[in-house]
Each structure stands twice: as structure tokens, then as C-alpha cells.
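Dear colleague,

I am handing over the structure that we spoke about, with some notes for you to read alongside it. Please keep the sequence and the 3D view open while you go through them.

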Amino acid sequence: MLQIVRYTIKSERLKPWVKFVWYLETASDVSLNHKLLPTDSIDVIINLSDKIDYQIEKQRYRAGTFHFNGMRNKPGFIIQAGKLKVFGISFYPYGLYPFLNVPMLEFRNQLNDLELVDKRFVQKQKVAIQDAKETSEVVYAIEKALLLLLDQNMVEMKKIDLIRRFCRENKEQSINDFCEKNRVNIKILERQCLKYAGYTPKTLIRIGRFQLASKQLIYNEENSFAELACDSGYKVALLARMIEC
């Protein structure tokens with residue numbers, strides 16, 4: 001079984017946007033054909049091993065060294081063979097925007113070459129990691145490069161903070177309740193969700209529920225489908241069908 005190592009973000013400035021940095025390496029050749037489930041993360045990949053292929057819906061992609069998966073509300077596949085050495089930066093749904101300043105709606109459900117989206121991002125990361133030897137040094141270098149790329153435009157930050165609070169609270173209240181509590185028009189919330197996270201508020205809620213149910217199923221084997229459905233806001237039959245997919 002492949003073991004992914006996660007590294008906690010040290011910088012307080014990065015923590016609102018980045019969940020963690022992860023690392024995967026194998027000592028011998030492997031053949032990877034792994035299903036990618038819908039996720040509430042955006043993962044920037046730094047692939048230092050053989051090429052990675054993705055299939056998302058009916059589209060097949062050959063990934064570059066620096067690439068990222070946009071937010072997904074549909075499953076896909078990752079195909080790779082040989083020895084693996086891969087670093088990943090896992091962002092919150094709204095977390096990548098302050099580093100790229102490009103609407104996330106353009107990237108959902110597809111593989112994106114970072115060289116084509118933002119050469120500055122790639123160059124900063126290349127320079128940062130080129131002299132790092134140990135894994136911990138690479139992770140530290142990645143954080144340093146991210147800090148150089150972070151654009152904390154105060155007007156944008158205020159808007160993104162609304163989406164951050166929505167993603168954090170949407171399991172506990174309806175969209176209408178959230179808008180009333182925060183005195184924001186539902187259409188404005190929808191436009192800002194599309195810009196900063198790539199999806200409508202309703203879709204973000206569905207993805208969040210699926211992630212919650214998946215984690216509970218993996219890490220809490222004592223729960224029944226009925227309990228999982230109740231905790232995650234699903235109907236039992238719908239949850240069972242989604243997990244079978």
C-alpha cells in the first residue's frame with residue numbers, strides 16, 4: 001500500500017489557504033491506477049518521477065511536472081508507472097486563488113498545467129526546491145515560495161473570507177440562513193463562490209458532505225450507513241450508491 005506523508009503548515013500566513021504539504025515516494029517500480037473521488041481540495045502537484053496520466057470524465061491528460069487538479073464534483077482516474085517521487089500542496093477550495101489570481105471556475109473537473117496558467121508560480125517553486133536535499137528541506141522551500149507568491153489584496157481577502165466561512169459553516173445551516181446571518185445577497189454569494197472556489201454554494205455543500213461521509217466510512221468502521229447518512233446529511237440509499245461508484 002502506498003504511504004503518503006503529510007507535513008503540517010508552519011507559516012500562520014499560509015494556514016488559512018493551505019491544508020498541508022504531502023509527499024509520496026516508492027523505492028521500487030509500481031503500477032498505479034487509482035480512482036480520484038470528488039474532493040474539496042485543490043492539489044498542486046510537483047512530480048519528480050515519471051509522467052502521470054489522468055482521465056477525468058472522457059478527457060485524458062498527460063500531466064507536466066507542475067500541475068494541479070481543479071475542484072472535482074465527479075470522479076476521475078490517475079495512471080502512473082515506475083518509481084514515484086511526488087510532492088503535493090493541498091489547498092482549501094478557495095485557497096489557490098490568492099496565489100494565482102485567476103477565477104477557479106476555469107479549472108474545475110480538469111487537469112491544469114501550471115506552466116500555462118502561471119509561469120511565475122512554477123519559477124518560484126523551481127528556484128526554491130532546486131538545492132534542497134532532504135524531504136523536510138523541500139517542504140520548507142515550498143512554504144517559502146508560497147509566501148512570496150501570496151497576494152493579500154485586502155478587498156479580495158474580505159470576499160474570500162466570506163467563502164471560507166461558508167465552507168466552514170455550510171454543514172450546520174442552510175444557504176439562506178448563512179446569507180441572512182452575514183447580510184449578503186444569495187446571488188453575490190453564488191458569484192463569489194464560482195470565482196474563488198469554482199462551484200456554486202449548493203455544489204460546495206454536496207462535495208463537503210461527500211468528503212465528510214467518506215472520511216467517516218474510512219476512519220470509523222463502527223458506524224452504519226444510516227448513521228453516516230444522518231451525520232453527513234444524506235439519504236441512506238444515495239450514500240450507498242455514491243460509495244459504490
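This is a predicted model: local features need pLDDT of at least 70, side-chain atom pairs count only at pLDDT 80 or more; totals for chains, interfaces and linings use all residues.

The crossing of α3 and α4 is right-handed. On the α3 side the contact is made by Arg 120, Phe 121, Lys 124, Gln 125, Ala 128 and Ile 129, and α4 contributes Val 138, Ala 141, Ile 142, Ala 145, Leu 146, Leu 148 and Leu 149.

Spanning residues 119-129, helix α3 has Phe 121, Val 122, Gln 125 and Ile 129 as its buried residues. When you look down the axis of α3, these buried residues fall within an arc of 95°, and so they line one face of the helix. The partners against which the buried residues of α3 pack include α4 (135-149), α2 (114-117) and α1 (97-100), and among them are also the strands β4 (42-47), β7 (66-69) and β9 (85-91). At the N-terminal end, α3 is capped by Asp 118, which places a side-chain oxygen 3.0 Å from the backbone nitrogen of Arg 120.

Now please turn to the sheet. Four strands form an open sheet in the order β3-β8-β5-β6, and their pairing is antiparallel. Its edge strands, each of which pairs on one side only, are β3 (30-36) and β6 (59-62), and from one strand to the next the twist averages 15°.

You can follow the sheet across, pair by pair. Strands β3 and β8 (residues 76-82) run antiparallel and are joined by seven bridges, with Ser 31 standing opposite Ala 81 in β8. Strand β8 is also joined to β5 by four bridges, again in the antiparallel sense, and here Ile 56 stands opposite Gly 76 in β8. Strand β5 (residues 53-56) in turn pairs with β6 over four antiparallel bridges, where Tyr 54 stands opposite Tyr 61 in β6. These two strands, β5 and β6, form a hairpin with two residues between them, and in the turn Glu 57 has a positive phi of about 55°.

Key
Residues are numbered from 1 along each chain as its sequence is written. Side-chain values use heavy atoms; hydrogens and water are left out. Buried means under 20% relative accessible area, exposed over 50%, partly exposed in between (1.4 Å probe, protein chains only). The arc is that of the directions from the helix axis to the C-beta atoms. Contact means heavy atoms within 4.5 Å. A polar contact is a pair of N or O atoms within 3.5 Å; within protein, one must be able to donate a hydrogen and the other to accept it, and residues adjacent in sequence count only if both atoms are side-chain atoms. Two strands pair if DSSP finds at least two bridges between them. Axes are lines fitted to C-alpha atoms, for helices over the stretch in contact, and angles run from 0 to 180 degrees between N-to-C directions. A crossing is left-handed if the near helix is turned anticlockwise from the far one by less than a right angle, and right-handed if clockwise.
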